[in-house]
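Me: Could you take a close look at one part for me, please? I would like to follow a single chain through its contacts, one partner after another.

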Amino acid sequence: MADHDHDTHAHGHEAALEPEAPEAHATRRAVLQAAIGMGAGAAVLSTLYVGAGLIPKKEITPDREPIAQGDVLVYSQGPKRGQPINPAELKPGAEMIVAYPMNPESQVVKGAELKNTLLVMKLDPGTLDAETAKLAAEGVVVYSGVCKHLGCVVSNWVADKQLMLCPCHGALYDPKESGKALIVAPKPLGQFPIKLENNRIVIAGEPTRPIGVEAATDDGIRRV
Amino acid sequence: MYQWLDERLDLSRLNTKFLRKAFPVHHSFFLGEITLFAFVVLVLTGIFLTLNYEPSTRPVKIEGYNDPVPAAYASILYIDSLPFGAVLRSLHHWSAHIMIAAAFLHMLRIHLTGAYKKPRELNWLIGIVLLVLAIVTAFTGYALPFDNYALTATGIGYHIGEAAPWLGKAMSAILFAGELEASNTKTIPRLFSIHVLWLPLLLLAMIGAHLLLMVKQKHTQPKYAEKVAPGRILGVPAMPQQAVMMGVLFLVYVAVTTFIAGAFLAHPVEAFGPPTPNTPSVKPDWYFMWIYGILQILPQWDLKILGANFGPQFVGGILVPTLIILGAMAIPFLEPQKEKQRYLELPSQHPRRTSFVLAMLMFYIMATLAGYKIDFLNANPNLSSGTLIAILWVLLIVAPILTYIISYILMKAAYRSREVEIEFTGRASAADD
Ligand code: HEM
Ligand code: FES
């Protein structure tokens with residue numbers, strides 16, 4: 001390689017005296033092309049580097065911390081926004097509440113993170129299947145509120161069928177059977193284990209599924 | 001004055017070279033112009049909007065709301081309260097719909113008359129880029145009012161983008177400055193910049209290239225020109241006749257659309273309210289409805305290749321539209337020809353191509369129909385969703401095929417009878433209309 005370089009260099013030198021030497025042209029062209037190529041490459045790389053800066057770093061503020069064991073569920077909206085949900089006040093089978101977790105020590109409501117949205121409802125304990133009942137407390141069940149399909153909040157309650165409905169594309173989830181997805185959504189909603197303490201609903205552990213949009217697999221889908 | 005300018009700028013050359021250029025006239029040629037008018041109106045009304053819109057989600061207290069609302073939301077209410085503010089905002093909104101619809105119809109006109117053939121392949125490609133750019137621009141503007149409906153609808157697009165294998169997450173994060181959620185303060189400034197600066201500039205540049213190419217390559221003309229003046233362009237000069245026509249048409253366009261905007265106010269933000277944890281039931285605009293429909297009837301599956309997921313969201317939301325766009329781009333290259341295309345072709349003389357266009361339109365209509373799946377289910381509680389999905393699938397596949405076959409047979413039959421007529425009378429009746 002080094003030898004070769006030396007060779008072409010020598011040729012280039014002669015070319016100065018003898019302008020017609022074709023190799024000299026070829027060498028000069030190769031050098032220029034290499035320079036242009038490297039320049040273009042550097043430009044593309046630095047553009048990509050600038051472009052990568054367009055993805056902002058996620059700031060974790062106290063109101064964005066993930067759901068943790070011990071968090072107390074509070075109303076996300078309405079007149080009682082920010083107040084703990086009293087399980088005794090829930091009407092069985094008739095309503096579903098969109099809730100946020102609150103850090104019990106700092107009293108910060110962690111509602112800035114969409115993924116922290118939770119769904120709370122009280123059902124007839126007799127209708128829950130064994131798996132679901134294990135994580136429930138006196139019929140109160142808690143699910144992640146983020147639709148598995150394309151990330152909308154599953155905010156509607158279909159009282160006559162006792163199902164959770166996502167208004168975006170009509171995904172239905174069954175809160176009596178571990179959040180099983182009936183249509184549209186690829187996977188069941190994650191259920192949170194909870195306990196009831198001093199008229200409060202408290203998160204007691206990890207959800208049964210990762211939170212948020214997920215890819216499909218066959219588990220938990222009943223094809224209709 | 002004219003002479004002074006002429007001596008310096010050589011205006012007479014401009015005059016003979018460009019302004020006296022003859023433009024063929026046909027009513028269907030106005031579709032491209034309507035697209036252009038819609039763009040001009042979008043820019044003008046958009047400038048008004050930027051002067052009063054606040055691209056921020058900072059919470060502000062305003063009258064009539066117990067809790068603070070995002071500043072962007074509040075500024076839309078403010079715009080609506082300005083004199084003619086609501087009309088101008090509606091005009092902006094409806095013009096976006098009109099631009100996309102007109103560009104689409106313009107594209108159909110180009111396709112049906114064979115105007116995409118050599119030498120106009122490049123302009124066909126630029127045209128498709130323009131249509132896609134127009135749709136993307138509309139999408140990036142959608143979230144700006146930052147009401148509950150807009151945020152939910154845009155969120156679906158965000159998650160579809162995320163479903164693209166490998167690059168999806170990064171692409172979505174760049175477009176929306178991170179995750180799209182009500183509390184992300186960076187999203188609105190990012191979308192604002194893209195919507196009012198980058199995409200309009202890109203559109204402007206591409207429209208310029210589109211029109212330059214059109215002038216350079218000369219417009220196709222109706223067939224009668226071949227009989228009247230073979231080899232020459234039959235039309236009216238750009239200056240002053242064509243310009244006057246366009247000017248009048250533009251004024252008529254502005255008058256009609258302003259009337260529409262005044263009568264039908266667009267996107268009533270106060271009815272949707274600021275973002276809440278409750279999801280409103282959203283329906284996308286008509287130009288996304290077909291994608292939305294396909295997403296609703298695709299079954300769920302799992303396919304992982306090299307760590308990336310190729311799920312139904314990707315297939316319905318990204319792959320199918322991309323394939324259709326690539327297919328449309330290929331059209332001029334599937335029919336190479338030696339001579340340059342100078343005259344319009346009659347749709348009736350190209351039954352295969354015309355039937356194909358009709359079949360694609362039927363596909364679009366059927367996919368749009370699938371977008372109303374939930375409404376069909378709500379209206380018929382006895383209908384199982386499995387049966388409905390099966391019906392929609394059959395419609396989506398069978399209806400376009402039937403459309404093709406029927407229109408092909410009808411056109412062949414009609415065309416043959418006309419050939420006979422030509423033999424008898426020596427001319428085709430109304431063939432060139
Ligand atoms: C979105 C913005 C667009 C604008 C503002 C626009 C504007 C125009 C205008 C004013 C004309 C001349 C008048 C006419 O023939 O209608 C034209 C011609 C043309 N456009 Fe477009 N157009 C757009 C999109 C498209 C699309 C989506 C296509 C196709 C994919 C397309 C392909 C063409 C072609 C091939 C011509 C030459 C027509 C001929 O010579 O007969 N354009 N365009
Ligand atoms: S996002 Fe919930 S059904 Fe599509």
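Reply: Happy to, and chain B is the part I will follow. A salt bridge here is a side-chain nitrogen of Lys or Arg within 4 Å of a carboxyl oxygen of Asp or Glu. By that rule, three salt bridges cross the interface of chain B and chain A. In one salt bridge, the side chain of Arg64(A) meets that of Glu181(B), at 3.2 Å from N to O.

Before we go on, some housekeeping. This is a predicted model, in which local features need pLDDT of at least 70 and side-chain atom pairs count only at pLDDT 80 or more, while totals for chains, interfaces and linings use all residues. Residues are numbered from 1 along each chain as its sequence is written, chains are lettered from A and ligands numbered from 1 in the order in which they are written, and side-chain values use heavy atoms, with hydrogens and water left out.

Now the rest of the interface with chain A. Between chain B and chain A, 12 residue pairs are in polar contact, both residues at pLDDT 80 or more (a polar contact is a pair of N or O atoms within 3.5 Å; within protein, one must be able to donate a hydrogen and the other to accept it, and residues adjacent in sequence count only if both atoms are side-chain atoms). The elements of chain B that each give two or more residues to the side touching chain A are helix 7 (148–162), helix 8 (168–176), helix 13 (286–297), helix 16 (373–379) and helix 17 (385–425) (helices, H or I of at least four residues, and strands, E of at least two, are DSSP runs numbered from the N terminus). Helix 7 of chain B has the largest share, at five residues. Sorted by class, the side of chain B that touches chain A holds 15 nonpolar, 16 polar and seven charged residues (Ala, Val, Leu, Ile, Met, Phe, Trp, Tyr, Cys and Pro count as nonpolar, Asp, Glu, Lys and Arg as charged, and the others, Gly among them, as polar).

In total, 38 residues of chain B are in contact with 41 residues of chain A, contact meaning heavy atoms within 4.5 Å. The two chains bury about 2,900 Å² between them, with 54% of it on carbon and sulfur atoms (buried area is the accessible area, for a 1.4 Å probe, that two parts lose on being put together, summed over both). Pro277(B), Thr279(B) and Gln300(B) supply 22% of what chain B buries against chain A, more than any other three residues.

Within chain B, the domain assignment gives domain 1 (18–340) and domain 2 (346–433), bounds of this kind coming from an automatic or database domain assignment. Their centres, taken over C-alpha atoms, are 26 Å apart. The contact draws 25 residues from domain 1 of chain B and 23 residues from domain 2 of chain B. These domains bury about 2,100 Å² between them, and carbon and sulfur atoms give 67% of that area. On the domain 1 side, Leu112(B), Gln296(B) and Ile297(B) supply 32% of the buried area, more than any other three residues.

One salt bridge is counted between the two domains of chain B, along with seven residue pairs in polar contact, both at pLDDT 80 or more. Helix 5, helix 10 (224–228) and helix 13 of chain B each bring at least two residues to the side of domain 1 that touches domain 2, and helix 13 gives the most, with nine residues. That side divides into 15 nonpolar, five polar and five charged residues.

Next comes ligand 1. Its shell has 24 residues, the closest being Phe29(B), His106(B), His210(B), His219(B) and Thr220(B) (a residue is near a molecule if one of its heavy atoms lies within 4 Å of it). An oxygen atom of ligand 1 lies 2.4 Å from a side-chain N or O atom of Thr220(B), and a nitrogen atom of ligand 1 is 2.7 Å from one in the side chain of His210(B). From Phe29(B), a backbone N or O atom sits 2.7 Å from an oxygen atom of the ligand. Helix 6 of chain B gives the most to this shell, with six residues. The shell comprises 13 nonpolar, eight polar and three charged residues.

Finally, some backbone details. Most residues other than glycine have a negative phi, and most peptide bonds are trans. Phe84(B), however, has a positive phi near 60°, and Lys118(B) and Pro119(B) are joined by a cis peptide bond with omega of about 5°. Pro119(B) is in the loop between helix 5 and helix 6 of chain B.
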